[in-house]
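Here are my notes, as promised. Have the model open while you read them.

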Amino acid sequence: MEAFIFDLDGVITDTAHYHYIAWKELAKSINIDIDEKFNESLKGISRLESLESILKLKGREYDFSYEEKVILANKKNDYYKELIKNVTPKDILPGIKELLNETKDKGIKIGLASASKNADAVLQNLQLKDYFDFVADASKCTQSKPNPEIFLMAIKGLNVDPKDCIGFEDASAGIEAINSANMYSVGIGDENVLKEANYIVKNTTDLDFNTLIKKYIQYYSK
Ligand SMILES: O=P(O)(O)OC[C@H]1O[C@@H](O)[C@H](O)[C@@H](O)[C@@H]1O
Ligand SMILES: [Mg+2]
């Protein structure tokens, strides 16, 4: 095992919820209502694609010019940036710090593959930056998950073989991206949503280092 590569929002911290609150607020300003079920489909998806998807809900994707869409997406980002100002190390999801410590102790590299251009600020606020050997830069990524690009960037940056890596995700688009990158995928959340994952746990507290390694070995020895 060479590396563990993590998604950020919804895996390391619950910023997935802040993304939802910010999109809900933005959608409300243009008279569109979104709910948590719809929000599932936005997880892991880039900012502009998320906006497109919200507009499509009401067939309004042609009502706005590209420039207007950029303004709307920036407005969402302003709401989001206000919300993440409150993120502190207390917001690291339970079990994650223990897993990161054990991973480091075992000499396994740690990478981040988040689609968020705010990932660095969030890691900073969580005081977790030092754990990461490589953080893939979302602003250099041209393809949204489920495309594997961001995971492939992390694999390259860490200089590892995808078969020797485990990827962690809370979104179905993210699991698809990990699988396409030829890594072993671990889904955290609802098994109906994450059914394509090689191994699924309900919560971050269920991420036990030894079990993860055992499941990974079992998978490749099939
Ligand atoms: O708007 P940002 O911070 O660049 O984030 C882009 C995407 O980042 C992903 O991590 C989130 O799951 C998505 O919900 C979000 O849209
Ligand atoms: Mg996520």
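1. A quick convention before the strands: a crossover counts as right-handed if, with the strands pointing away from the viewer, the path from the first strand over the helix to the second runs clockwise. Helices (H or I, at least four residues) and strands (E, at least two) are DSSP runs, numbered from the N terminus. With that settled, β4, helix α8 (residues 172-180) and β5 form a right-handed β-α-β unit.

2. Housekeeping: this is a predicted model, where local features need pLDDT of at least 70, side-chain atom pairs count only at pLDDT 80 or more, and totals for chains, interfaces and linings use all residues. Residues are numbered from 1 along each chain as its sequence is written, while chains are lettered from A and ligands numbered from 1 in the order in which they are written.

3. On pairing (DSSP finds at least two bridges between the strands), β5 has a partner in strand β4 (residues 165-169), parallel over four bridges. Here F168 is bridged to V186 of β5. β5 also pairs with strand β6 (residues 199-201), in the parallel sense over three bridges, and I188 has V201 as its bridge partner in β6.

4. How many residues of strand β5 (residues 184-188) are buried? Five of the five, so the strand is largely enclosed by the rest of the structure. Buried means 20 or more other C-beta atoms within 10 Å of the residue's own, with C-beta atoms placed from the backbone. Y184, V186 and I188 cover one side, S185 and G187 the other.

5. Then look at helix α6 (residues 119-126), where A119, V122, L123 and L126 are buried. Q127 follows α6 with a positive phi, near 55°.

Key: Buried ≥ 20, exposed ≤ 12 C-beta atoms within 10 Å, placed from the backbone.
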